[in-house]
Amino acid sequence: MARTRTAVNRTVLGTVGLSLFLAGSWLTATDPAFADRLPTWWPTADAGTVLLDRNRLAQLRGEGWWTPTVMAASIGLAVLFALWSLGQSRSGRARPLALPSPGCTVRPQALAEALATRVTALPGITRSRARVLPRRGQRLEVRLRVWLEPDTHPGAVLPTLRTATAEADRAATPYTAHTRVRLSTAPHRTRHVR
């Protein structure tokens with residue numbers, strides 16, 4: 001779902017950006033300073049011209065189809081924009097995960113918080129942040145970010161970290177978790193002399 005949303009967002013933004021770029025380029029060509037430098041095949045408008053003059057607009061308003069078409073297009077675009085905006089503003093909450101016991105569920109956010117708390121309690125780790133993302137089927141993607149204490153070697157915490165992630169995998173049964181861990185070192189605090 002997130003990849004589809006990202007693809008749609010990029011397509012919409014790219015289309016709007018390209019349209020605005022082309023329209024701006026065409027309007028820039030009306031300036032005499034730029035019109036002289038353009039190739040002869042470039043479509044240009046005369047200076048002071050408008051896309052729709054008053055006489056043509058009055059003629060279109062006299063047509064029976066013009067007003068309903070403009071209103072329907074405006075309402076349709078407004079509804080599409082509102083639906084797209086609502087889709088963007090969703091909190092992104094994932095569905096609860098069903099557990100083996102009948103009627104029992106767990107929120108992915110609760111599972112992530114429990115894992116982060118468990119990992120932060122391990123020796124040599126300053127803090128951690130976890131994210132659990134449900135995927136298709138019975139699969140979970142777990143992203144774990146761990147900050148080590150300044151003088152801690154990563155090899156020293158890996159065995160206990162593996163144990164903690166294995167516990168999380170067992171807790172998420174019947175789901176299979178694919179865990180990705182990112183290790184960082186917390187910087188030394190510099191002492192300030194006054």
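## Order of elements

From the N terminus on, the elements run α-α-α-α-β-β-α-β-β-α-β. That gives the chain six helices and five strands, where helices (H or I, at least four residues) and strands (E, at least two) are DSSP runs numbered from the N terminus. This is a predicted model, in which local features need pLDDT of at least 70 and side-chain atom pairs count only at pLDDT 80 or more, while totals for chains, interfaces and linings use all residues. Residues are numbered from 1 along each chain as its sequence is written, and side-chain values use heavy atoms, with hydrogens and water left out.

## Burial and contacts in the chain

The chain has 194 residues, of which 20% count as buried. Buried means under 20% relative accessible area, exposed over 50%, and partly exposed in between (1.4 Å probe, protein chains only). Among contacts (heavy atoms within 4.5 Å) with a separation of 6 or more, 51% come from residues 24 or more positions apart.

## Helices α5 and α6

Helix α5 (residues 108–120) packs with helix α6 (residues 154–171) at an angle of about 160°, and their axes are 10 Å apart. Axes are lines fitted to C-alpha atoms, for helices over the stretch in contact, and angles run from 0 to 180 degrees between N-to-C directions. The two helices, α5 and α6, are therefore roughly antiparallel to each other; angles under 35 degrees count as roughly parallel, over 145 as roughly antiparallel, 65 to 115 as roughly perpendicular and the rest as oblique.

Leu115, Arg118 and Val119 of α5 make the contact with Leu161, Ala164, Glu167 and Ala168 of α6. By class, the contact of α5 with α6 has five nonpolar, two charged and no polar residues. Here Ala, Val, Leu, Ile, Met, Phe, Trp, Tyr, Cys and Pro count as nonpolar, Asp, Glu, Lys and Arg as charged, and the others, Gly among them, as polar.

## Strand β5

Ser184 lies in strand β5 (residues 176–185) and counts as buried because its relative accessibility is 15%. Its side chain forms a polar contact of 2.9 Å with the side chain of Arg145. Such a contact is a pair of N or O atoms within 3.5 Å; within protein, one must be able to donate a hydrogen and the other to accept it, and residues adjacent in sequence count only if both atoms are side-chain atoms. Neighbours within four places in sequence aside, Ser184 is in contact with Arg145, Val146, Trp147 and Leu148.

Leu183 is also found in β5. With a relative accessible area of 32%, Leu183 is partly exposed. Not counting residues up to four places away in sequence, Leu183 touches Val146, Leu148, Pro154, Leu158 and Leu161. Leu183 and Leu148 are 35 residues apart along the chain, and their C-alpha atoms are separated by 7.1 Å.

## Strand β2

Val106 belongs to strand β2 (residues 105–106) and is partly exposed, at 22% relative accessible area. Apart from residues up to four places away in sequence, Val106 touches Pro96, Leu97 and Leu99. From Val106 to Arg95, 11 residues apart in sequence, the C-alpha to C-alpha distance is 9.1 Å.
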